[in-house]
Amino acid sequence: MLQDLLAGHPVAETQRGWPRVNVDAATWQAIGTQLHAGRLDLLAEWGDEGAVHCALYEPESRCVRLASIAVEAGQVPSLAQFHRPALRLERALADLYGHELAGLPDRRPWLDHGTWPLVAPLAAASGVRESAAPAYRFLDAEGPGLHQIPVGPVHAGIIEPGHFRFTVCGETVVRLEQRLGYVHRGIERLLRGSGIEAGARLIARVSGDSTVACSYAFARAVELALGCNPPPRAQWLRAVMAELERIANHLGDIGAICNDASFSMMHAECGILREETLRAAATAFGHRLMMDTVVPGGTAVDLGDGGRQAIQALLQRLRRQFPELIELYANTDSLQDRVVGTGVTAPALVAEFAPGGFIGRAAGRAFDAREALAYAPYDVLPVRVALRQAGDVDARVGIRIDEVRNSIDWLGAALRQLPDGPHRLPLAPPAMDRVEATAMVEGFRGDLLVHVRLDRALRIERCHLRDPSWFQWPLLEAAIEGNIVADFPLCNKSFNCSYSGHDL
Amino acid sequence: MRRRLFRNLVSAAVTEPLAAESPESIGTELRGIIGRTLGRSVAIRQVDAGSCNGCELEIHALNSAYYDLERFGIRFVASPRHADLLLVTGPVTHNMREALVRTLAATPTPRWVVAAGDCAAGCGVFAGSYACAGAVSAVIPVDLVIRGCPPPPVELLRGLVALLGRPGERRSR
Ligand code: SF4
């Protein structure tokens, strides 16, 4: 169906991998209708000079396609008027490019808080800000007995900044409205015109907890665009790093969620295992978070014998310790009382927003880029996809537990079949004036998408990264409704969306 | 659970033993300084002013059993009004600038400001962005810089010693 929808439109010749099709306004709106009907999932939507692009996924055929529409008279039709998950993406791209999205249901700025010296900073004709921005208007919430609790951007813990506006009735949350963008660092503009190496360093710093996943997606997109095949050893090493990152983050999350339910023992125990994972990563790859280790062309470092032994020792320790912690989690009634039935994501919203990662998979959405798109080396050594149905805090913890287990098994098998050979290849400039490609990778939080366009001198013309959090944050707003305020930290932690990845 | 608690009681702690450069030796020194100048405790308020969250992960690690920061009298607090020290990360984004300035204003004196991480120290890879106001010192006065991307937990501890051990660092500040 997706292919039929886009048939007959010109395919962009610069694009490698998944085709990108230039469509007209009627087809763009037809895409909106199909998204609304639930036959397609929106993977991303981003701005460009004179155009807007979107990436689409058809679950039935597991087909990915990109569509682009030219901006005419400063305008493109909004997809958000058909499909709500596009709303924040379009508000953001309007902030960054100044394009007008005709029919956009909410025109408030999103990333632009009125503090930048520029307006439309990504547009070629970005202007100097002259007048102060009007104050941000939160949605109205009126009724007898309602009051509001503003929280943030500086939160009460060691967390990233964002603002939450709660409207409550007694103890019950009636509405949560998020305001994000506080950690917007202008990464997409910094990427523009930079070389691949400098670009990779920026991408590795989009969201520190997903540094491997971001670098991995960027490397794959660049390689695809240049037609460069990374050496087999590099493909495996990257996945080894990605799984270590997944384990470390899941362990941190499981502990922190339990801690927010005042069960600090799990927090302490998971913290120990997390620290050991980071230390194994440092021994194996030279950096605790494995920052800058995945680069276009392969990996920056190779895995030596000492590193391999460190990972094997870690796996052994996890195999022994982790099951005990799971038992502790499952058998502690006071903890179960807090997590079961709390912060449920409604099935209709999960279908609509198509959230990736543990948020989708805890609510019956069986999408895992490692399996659905089967990129190397997961095509050779598949990973088991965890799936639960309840959509509550407990299910989101459960998915993490399953995934730690699966990653332990996967890593064990991967280390046994790690191919020898080089771990990095030099990149050759393209034969054409410009080339582009799109890649997706499953980070610990969910699927990440990177689109990159390079010129002949291997400089980045445009690079867009879509963090999984874009489709997860809105569900948190919905999941907390009807819960008590005191359960918000628990819900929030079980989502663990990225602020920096979202704000970019 | 009881079984596990019991085993933890009788088994050795994972918290690292005293060794020349280990966290504990650094921390012991820190503890002495804290005892002398700060009435045995330091309350830290962490502020993310635009970080990629990598720095936060390592600051979190200070609380894990391996480093166990609290044994040295250092703890993280929820409000700047309870804090002796602001631990600031990230390049300061324009969107966070006002929040950072207000957080400092809410912190009682005497107080310290520590800029942790290469971004906080000098804007890192984000230098020159339209969205960043610059390093932390471009926005509020900074007493100490701890470099690293991110600084590992041991470096964070070492940095705190360097600051609190400076001659003349007294409550009178
Ligand atoms: S110093 Fe490094 S880890 Fe810390 S916020 Fe900056 S980029 Fe992230």
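Okay, let's start with the lining of the second largest pocket: its residues divide into 15 nonpolar, nine polar and nine charged. In that count, Ala, Val, Leu, Ile, Met, Phe, Trp, Tyr, Cys and Pro are nonpolar, Asp, Glu, Lys and Arg are charged, and the others, Gly among them, are polar.

Quick housekeeping. This is a predicted model, with local features needing pLDDT of at least 70 and side-chain atom pairs counting only at pLDDT 80 or more, while totals for chains, interfaces and linings use all residues. Residues are numbered from 1 along each chain as its sequence is written, chains are lettered from A in the order in which they are written, and side-chain values use heavy atoms, with hydrogens and water left out.

Back to that pocket. A pocket here is an open set of points on a 1 Å grid over the protein atoms alone, with protein on both sides within 12 Å along at least five of seven lines, and lining residues have an atom within 4 Å of a point. The volume is about 840 Å³, taken as the space filled by probe spheres set on the points, which are joined across faces, edges and corners. Of the 33 lining residues, H113(A), R179(A), Y182(A), N95(B) and E98(B) are the closest to the centre. α4(B) gives the largest share of the lining, seven residues. Helices, by the way, are DSSP runs of H or I with at least four residues, strands are runs of E with at least two, and both are numbered from the N terminus.

So, what about the interface? 49 residues of chain B are in contact (heavy atoms within 4.5 Å) with 56 residues of chain A. The area buried between them is about 4,000 Å², and carbon and sulfur atoms give 61% of that; buried area is the accessible area (1.4 Å probe) that two parts lose on being put together, summed over both. R4(B), N95(B) and Y130(B) supply 21% of what chain B buries against chain A, more than any other three residues.

How many salt bridges are there between chain B and chain A? The count is one, with the side chains of E58(B) and R288(A) meeting at 2.4 Å, N to O. The cut-off is a side-chain nitrogen of Lys or Arg within 4 Å of a carboxyl oxygen of Asp or Glu.

Last up, cavities, where a 1.4 Å probe fits but cannot get out.
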